[in-house]
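User: I'd like to go through this structure with you. Can we start with terms and then look at the helices?

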Amino acid sequence: MYKVVIIDDERLARNELKKLLAEFPELEVVAEAANADEGIEKIGSHNPDLIFLDIQMPGKTGFDMLAELDKVPTVIFTTAYDEYALKAFEVNALDYLMKPIEPSRLADAIHKMEAAHEEELESSAVSGLRTTLTEDDQVFVKDGDRCWFVRLADVRLFESVGNYAKVYFGTNKPLILKSLNALEERLEQKTFFRANRKHIVNLRMIDKVEPYFNGGLLLDLLGGEQVEVSRRQAVKFKEMMSL
Amino acid sequence: MKNISKYWLCQIVGWGSNIAISLFFVFTLGRYQGVYVLSLVLTCAAGLLITHLMRIHIHKLKVMSMRIKRQVIYFIVLTVLYAIVFGVASEFIDYAVGYMPSEKMQSYSRGVRILLSTFNGLWVLLIWNFIYFLYHYVETNRKQELNNLKLEATVKSLELKTIKSHINPHFIFNALNSIRALVDENPVRARRAITELSNILRSSMSAEKEETVPLKQELNLVSDYLQLEQMRFEERLKVEMNVEEDTLQHPFPPMMLQMLVENGIKHGISKQIKGGVIKIQAKYIADKLQLTVTNTGILQHNGRSVQEGGFGLKSTTDRLHLLYNDEARFEIKELKEGEVESTIIIPRTTPINS
């Protein structure tokens, strides 16, 4: 059974979608929201597997809402013709459905989601409610007009920039509005390591380790970045790696 | 081909008349000499050849497409250069046919004679170049003006077309989606919504054909549109209409009010979580029709929404200008916190025909 939340500002649009989803017994619509803030609240309280999300909503757009979430469930965007949104979809190859939604396309999208979920369940046996973010979780990153779904396993490095954190993945390094301390609390300790005051590194993305001044270490990451490990953390690092 | 023959015509007529005038003077002064005529004809033939070479040179250097200051400099330099060539050629011709202009001339050395011939040639070439330059200058200007006019006309008609047929696809698909939901929930309302939507589509298609329609027709369209939007927004959209009876027959540019109302909803009311009110007012003020659309919202000066709104608003201004010159007016402003008002004022007279 998959838990579903529908987020759309129009009641009729939500009703229509619910009616379409009634054809899928494996899905259960657990909540509805009429704007982004309500959406964040409902996602927080129900921890859904899948959300249907409208882009244009009063207050905040669907993209803005996703960027505020710590952990993003599978998303299927629903939108009427909207050039701006279509451009975002093309650039980022996100899954979307055009309103009025064609039932066969909806079925395709749902089957795709189910297949992805099953695969994920096989790879990581752990499931249920957990508060830490593992490398299999995805986050939504929005930087100006560009946005990405990013699997945490693909992130090499978080760098603190004032109140923001710079996220390094692929060739991109957008900013997200989260402090490094808040991130450290949520990220799984066995994969993500606080190297110093300004950096959290993904341990699986380390290419080389070299000794550095003062008993510290210098890490070469796979993307070419270099991160210094402070002396205190270096002790911890060696402990972790020797296990 | 026409231009080439025009050029050669000018060349032949120009040099031919040079020969004719010189002969006329020589005959009237009674200093006719066989060698002189020969020298004159040959010199003019050389002049024709030299100016033609100069023209090829002008083309090669692309002088005509330079900025005007450079053009003048190039023309002066070319004129002097070719005048020297002309001077040498004319002196050579005189020598070859054995023509001696006068006793005084004979006392000068060859160098001085070439200098004098060059000076003579300079005047001829200056006149030649002046005519050439002036002709092309006028011609390019005329062509450019013509092109500009054509371009302007195309842009205008294109703009008008896109403005008039502008019904946001986002609106159409959202409306269709709501109708699909209503088919089960409220079939009577769903049927009415289909009628409203087809009215809107029909109006937007026929709007391209007409310059103006009676205000009543535009108001019907707007009220169909608003009913459909109310179906989507439900309690979030409230509508107030306040239209004076005597304005209903006033000729009005089709889809113009519709676009303002759509803007008001798209950039105003749809952005408010609690929604808002849209007010439409039509009345005469001192012989002019005044239409106002007031909506809940904030007039934005930056961001994406203004660009889109910007097109709609600018096209409204342009369209009014096209139809009424300076007699009509359009403005949009923030009335007070959270209320935006757009106003159209058009004269009672029928619009100018374009």
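Analyst: A crossing is called left-handed if the near helix is turned anticlockwise from the far one by less than a right angle, and right-handed if clockwise. The model is predicted, so local features need pLDDT of at least 70 and side-chain atom pairs pLDDT 80 or more, while totals for chains, interfaces and linings use all residues. Residues are numbered from 1 along each chain as its sequence is written, with chains lettered from A and ligands numbered from 1 in the order in which they are written.

User: Which hand is the crossing of α2(B) and α3(B)?

Analyst: Right-handed. Helices here are DSSP runs (H or I, at least four residues), numbered from the N terminus.

User: At what angle do they pack?

Analyst: About 150° between α2 (residues 34–61) and α3 (residues 68–97) of chain B, with the axes 9 Å apart. Axes are lines fitted to C-alpha atoms over the stretch in contact, and angles run from 0 to 180 degrees between N-to-C directions. The two helices are therefore roughly antiparallel, the word for angles over 145 degrees.

User: What classes of residue are in that contact?

Analyst: The contact of α2(B) with α3(B) has 16 nonpolar, five polar and one charged residues. Nonpolar covers Ala, Val, Leu, Ile, Met, Phe, Trp, Tyr, Cys and Pro; charged covers Asp, Glu, Lys and Arg; the others, Gly among them, are polar. Contact requires C-beta atoms, placed from the backbone, within 7 Å.

User: And α6(B) with α8(B), which hand?

Analyst: Left-handed. B:N174, B:A175 and B:S178 of α6(B) meet B:L228, B:M231 and B:R232 of α8(B).

User: Switching to cores. How many residues in the largest nonpolar one?

Analyst: It has 94 residues, and A:V141 and B:V222 are among those with the most contacts inside it. Its largest share, nine residues, comes from α8 of chain B. A nonpolar core is a set of buried Ala, Val, Leu, Ile, Met, Phe, Trp, Tyr and Cys residues joined through C-beta atoms within 7 Å; buried means 20 or more other C-beta atoms within 10 Å of a residue's own.

User: What about the chain contact, how many residues from each side?

Analyst: Chain A gives 15 residues and chain B 18. On the chain A side, helix α1 (residues 11–21) contributes the most, with five residues.

Methods:
Two residues are in contact if their C-beta atoms, placed from the backbone, lie within 7 Å. Angles under 35 degrees count as roughly parallel, over 145 as roughly antiparallel, 65 to 115 as roughly perpendicular and the rest as oblique. A residue is buried if 20 or more other C-beta atoms lie within 10 Å of its own, exposed if 12 or fewer, and partly exposed in between; C-beta atoms are placed from the backbone.
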